[in-house]
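Dear colleague,

I am passing a structure on to you with this message, and my notes on it follow below. Please read them with the model open beside you.

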Amino acid sequence: MAIDILNDRSMNSLKDSHVNTVRNATVRSNADTNTASGNTALTDAVDFTSSAQSLSRGFSVATASDGIDENKVAKLKAAINDGSYQIDYDKLADKILSSESELNSALG
């Protein structure tokens, strides 16, 4: 079963964190002096931390994925409603660890 990462509440906090990191990025101005003409031109540059860059890559991966199998979702809903859905706790734990590892590699 795929998780709808775009509508997950945990992704909202991740998105907010991403936006705040970008807003708080260090902006610096450099004076580029043209000695031949005596003019001074100012250029602005934004330096993003490695955390902000990793977060941006992870967010891009998440937004590019649809990840929803509608037929599987319908079958799971039916199984839950009729009481036949059984949870395999070992398999669930393995999937959680796998997802964590996948998320770390996407962000790192």
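**Helix H3 and what follows**

Helix H3 has 13 residues and reaches 18 Å from its first C-alpha to its last, which is close to the 18 Å expected at 1.5 Å a residue; here the expected span of a helix is 1.5 Å times one less than its number of residues. Just after H3, Gly 83 takes a positive phi of about 80°.

Before going further, please keep in mind that this is a predicted model, in which local features need pLDDT of at least 70 and side-chain atom pairs count only at pLDDT 80 or more, while totals for chains, interfaces and linings use all residues. Residues are numbered from 1 along each chain as its sequence is written, and side-chain values use heavy atoms, with hydrogens and water left out.

**The chain as a whole**

The secondary structure of the protein chain comes to four helices and two strands, where helices (H or I, at least four residues) and strands (E, at least two) are DSSP runs numbered from the N terminus. From the N terminus on, these elements run α-β-β-α-α-α. Of the 108 residues of the chain, 9% count as buried, a term that stands for under 20% relative accessible area, with exposed meaning over 50% and partly exposed in between (1.4 Å probe, protein chains only).

**Helix H2**

In H2, Ala 52, Ser 54, Leu 55, Gly 58 and Ala 62 are buried. They cover an arc of only 160° around the axis, which puts them on the same side of H2, the arc being that of the directions from the helix axis to the C-beta atoms. On the other side of H2, Ser 50, Val 61 and Ala 64 are exposed.

Ser 54 has a relative accessible area of 13% and is therefore buried, and its side chain makes a polar contact with the side chain of Arg 57 (3.1 Å). A polar contact is a pair of N or O atoms within 3.5 Å; within protein, one must be able to donate a hydrogen and the other to accept it, and residues adjacent in sequence count only if both atoms are side-chain atoms.

Phe 59, also placed in helix H2, counts as partly exposed at 22% relative accessibility. The C-alpha atoms of Phe 59 and Leu 107, 48 residues apart along the chain, are separated by 8.5 Å.
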